[in-house]
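Here's a quick briefing to read with the model open next to you.

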Amino acid sequence: MIRRGLLSFIVFTVVFTSVVAFGHAPASASGDREVSVSNIFDSLDVEEIVVKFKSGVNVPYQDGIQRELKAKKDSGLDSTFSDFPDLKVNRLFHIIDKEAKSTDHAKAVFQNYYTVPVPKGADAGKLLKKLNQSKLVEVAYPKPIPVEDPSLASNTTPVLPSNDPNYSFQGYANAASQGINAPYAWQYEGGDGKGISYVDVERGWALGHEDLAAHSVTFLPGGTNIATSANHGTAVLGVISAVDNTIGNIGLASKAQPMVSSWVRGGGSNIAEAIIVAADALEAGDVILIEIQTTHGNASGYVPVEVYAAEFDAIKYAVNNGISVVAAAGNGSVNLDTFQDYSGKYVLNRTSPDFKDSGAIMVGAASDTVPHTRMYFSNYGSRIDAYGWGTGVHTLAATDTTSTTGYQSSFSGTSSASPIVTAAAISLQGIAKAEFGVTYSPTQLREILRDSTLNTPSSSPSTDKIGYLPNLKNIIDNLPVPFIDTVAPTQPLNLISPSKTATSISLAWDASTDNVGVDHYEILRDTVPIATTTSTSYTATGLDAGHAYVFTVKAVDAANNKSLPSSLYIFTDTGNSVTVYYKKGFATPYIHYRPAGGTWTTAPGTAMPASEVAGYNKFTVNIGSATSLEAVFNNGSGTWDNNGGSNYIFGTGISTFTAGTITSGPPMTATVTIYYKHGFSTPYIHWRPEGGTWTTAPGDVMTISEVPGYSKITLAVGSASRAEVCFNNGSGTWDSNGGSNYFINTGTYTFDSGTITAGTP
């Protein structure tokens with residue numbers, strides 16, 4: 001039985017980071033929060049920009065979406081494409097399906113991220129400034145530049161089995177206050193890491209090393225194992241996982257199952273994707289180690305990768321799935337409390353209202369001698385939770401990815417500190433799993449390692465600002481019970497819309513409360529999750545004029561408990577809009593237009609999507625205060641129809657264009673309108689005009705109707721007299737009338753549990 005003086009629930013309110021010193025101290029942060037993006041990037045070599053669009057922009061998650069963005073008629077983006085005509089906008093994450101939106105709601109945020117290569121010779125600062133001026137862009141920033149790991153001394157002399165093992169050199173395993181007292185944890189089931197898996201995120205390893213080979217370390221898909229970085233990754237794995245085989249070292253958590261995920265992906269770098277892949281390979285209670293640091297235009301030295309939005313969201317994704325993330329603070333000598341991101345926000349200062357908490361356990365570096373003092377190169381500040389040895393760490397070494405032997409005695413930096421803290425985290429999770437049947441949540445585990453009464457302080461905590469060295473004996477002797485949070489936050493009350501336009505609706509609500517704390521709010525539109533936010537307000541954009549929407553807000557805590565929903569049924573403003581149905585003259589028609597007297601789109605204009613009426617394309621544009629739309633058509637490749645140079649004029653409302661003739665209203669065609677009583681929460685209809693062509697499964701989503709409890713859709717069946725349909729939930733559950741399908745005549749009908757009746761509900 002584990003001894004403990006306190007048995008209680010705790011309720012609480014790139015790449016590598018081996019030492020690289022900068023030649024000057026960090027610059028003091030200005031009190032002025034205005035940040036000049038252009039000035040920041042004048043001195044940086046920015047080759048690629050990451051753009052996070054706001055939720056609701058509704059562009060396909062695929063490469064080359066320039067035309068779709070131009071169709072949004074956003075002045076900021078229009079100006080950007082005008083100044084940078086060769087600009088390409090591609091998806092950032094290639095592990096996410098480019099053909100359809102992900103059904104994994106937790107990953108929805110990643111479908112807002114795209115990458116923009118800076119055109120050759122272009123002004124990166126100007127491009128960044130313009131992108132950030134777009135109302136559709138949440139943030140644009142330089143893609144993090146992983147910092148090459150320095151060349152470390154590598155001892156390739158084989159250690160023979162007959163030699164004494166190297167454990168005597170591993171002082172970081174010793175009892176406090178020198179080390180973390182790993183042998184004390186080894187006494188207990190799970191204290192050696194048994195039952196826990198972890199992923200090391202960096203870029204190179206020698207997985208066949210004699211002190212690692214028995215683990216059969218999994219190399220997660222999508223990455224590349226870089227030979228020049230094998231020494232670094234092998235050293236990190238050695239601290240945690242060197243096999244207890246009498247050959248060389250002993251890992252601090254040697255029975256844990258190691259895996260690795262490389263951020264070198266597809267010939268480039270993608271740290272966030274490597275983290276997502278790692279999270280998807282693990283379960284709640286497991287651990288990710290991020291052995292990466294990066295540069296930033298507002299920092300005089302290296303900083304942790306979570307200062308960039310995609311990496312922050314990837315870490316948050318892992319933490320929200322119950323996976324603890326340990327991240328190196330970096331070797332930049334930077335005071336993280338005074339660091340500002342590109343928006344001028346103090347995102348790493350726990351005392352600032354700007355603070356953004358990814359949930360990661362951040363690690364600084366201290367001396368290997370007692371009392372431990374912050375190493376001069378280690379970043380510091382209130383954001384850092386724990387420290388490890390930043391010098392003199394004895395571990396494995398490698399010359400390339402094929403090395404099978406090699407050891408070193410001077411592994412250093414936050415690179416060596418982070419695996420020491422990671423091993424402590426793994427040991428505690430292993431003990432908790434064996435003792436209680438459940439592991440600690442990422443939040444509770446971090447609080448345990450931050451606890452000043454349980455762990456070893458540095459020589460001067462108030463000035464070192466690197467947290468505490470884990471003391472496994474103290475923690476185990478006072479082992480807290482894992483806190484299992486099953487209490488959902490309170491319902492977010494008083495959901496209102498303070499303002500709206502023809503294309504946007506703003507929302508606001510009262511803050512929810514929770515027994516531990518509200519982590520974020522989930523926003524749904526017509527039952528589909530579209531965004532998360534930590535604030536009590538949100539603005540949905542890219543909406544249709546005069547359209548009814550149902551917005552729902554739920555409060556979510558760190559244990560993913562969700563509150564009761566609050567919903568609001570609301571119409572966008574009508575505004576002046578023009579809808580054009582175009583009878584196909586071009587296979588892929590484009591419309592080049594302007595509100596009468598306004599500014600033309602950039603040629604060739606906007607591709608017109610297929611409409612619900614067979615044989616027609618359809619396009620709707622809000623023209624503001626204008627009373628008509630001036631337009632011409634083309635095939636996107638230089639063939640035009642501009643009405644003999646006179647252009648075409650469309651009035652507000654709906655018009656049909658057929659072979660040069662404009663008529664008021666939609667095309668004359670037979671339609672079937674179906675009211676569907678909810679059997680599926682988000683119903684889809686898979687259909688065809690009788691005898692015609694089926695939609696692509698699962699078909700078309702049915703929108704919320706004006707009748708409570710019903711969805712609605714209107715189908716254009718052309719010359720057919722009825723539609724053949726079946727229904728599904730969009731995820732493989734079908735109602736096809738026992739395989740016979742349903743047949744619904746032209747007109748308006750109500751479908752209720754398999755029964756079809758004429759008229760509205």
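Let's start with helix α3 (residues 75-83), whose buried residues are Gly76, Leu77, Thr80 and Phe81. They sit on the same side of α3, because they cover an arc of only 125° around the axis. That arc is taken from the directions from the helix axis to the C-beta atoms. Buried here means under 20% relative accessible area, exposed means over 50%, and partly exposed is in between, with a 1.4 Å probe and protein chains only. Helices (H or I, at least four residues) and strands (E, at least two) are DSSP runs, numbered from the N terminus.

A bit of housekeeping: this is a predicted model, where local features need pLDDT of at least 70 and side-chain atom pairs count only at pLDDT 80 or more, while totals for chains, interfaces and linings use all residues. Residues are numbered from 1 along each chain as its sequence is written, and side-chain values use heavy atoms, with hydrogens and water left out.

More on α3:

- Where α3 starts, the backbone nitrogen of Gly76 has a side-chain oxygen of Asp74 within 3.2 Å.

- Lys73 belongs to the loop between α2 and α3.
- Lys73 is not a glycine, yet its phi is positive, at about 55°.
- Lys73 counts as partly exposed because its relative accessibility is 30%.
- The charged end of Lys73 sits over the ring of Tyr593, 5.9 Å from the ring centre. For that label, NZ of Lys or CZ of Arg has to be within 6 Å of the ring centre and within 35 degrees of the ring normal.
- Lys356 does this too: its charged end is over the ring of Phe312, 4.4 Å from the centre.

**Aromatic pairs**

- There are 27 aromatic pairs in the structure. Rings of Phe, Tyr and Trp (its six-membered ring) pair if their centres lie within 6.5 Å; planes under 30 degrees apart count as stacked, over 60 as edge-to-face and the rest as tilted.
- Take Phe93 and Phe110, an edge-to-face pair with 5.4 Å centre to centre and 80° between the planes.
- Phe93 and Phe110 are both in the loop between β2 (90-91) and β3 (113-117), so their pair ties together parts that are 17 residues apart in sequence.
- Both Phe93 and Phe110 are buried.
- Tyr141 and Tyr308 make a tilted pair, at 5.3 Å centre to centre and 35° between the planes.
- That pair links distant parts of the chain, 167 residues apart: Tyr141 is in strand β4 (residues 137-142), and Tyr308 is in the loop between β12 (303-304) and α8 (309-320).
- Tyr141 counts as buried, at 3% relative accessibility, and Tyr308 counts as buried at 3% as well.
- Ring pairs also join Tyr582, Phe633, Tyr648, Phe650 and Phe657 into a cluster.

**Strands and sheets**

- Two strands pair if DSSP finds at least two bridges between them.
- β2 and β3 are antiparallel partners over two bridges, with Arg91 opposite Tyr114 in β3.
- Further along, β34 (684-689) runs antiparallel to β35 (700-701), and two bridges join them. Tyr684 has Val701 in β35 as its bridge partner.
- β34 is also antiparallel to strand β38 (residues 722-728), this time over six bridges. His686 stands opposite Cys726 in β38.

- Ala176 and Ser177 are joined by a cis peptide bond, with omega about 15°. Ser177 is in the loop between β4 and α5 (182-186).
- Ala697 and Pro698 are joined by a cis peptide bond too, with omega about 10°. Pro698 is in the loop between β34 and β35.
- Asn737 is a residue other than glycine with a positive phi, near 60°. You'll find Asn737 in the loop between β39 (734-735) and β40 (742-745), and at 34% relative accessibility it counts as partly exposed.

Technical notes. A polar contact is a pair of N or O atoms within 3.5 Å; within protein, one must be able to donate a hydrogen and the other to accept it, and residues adjacent in sequence count only if both atoms are side-chain atoms.
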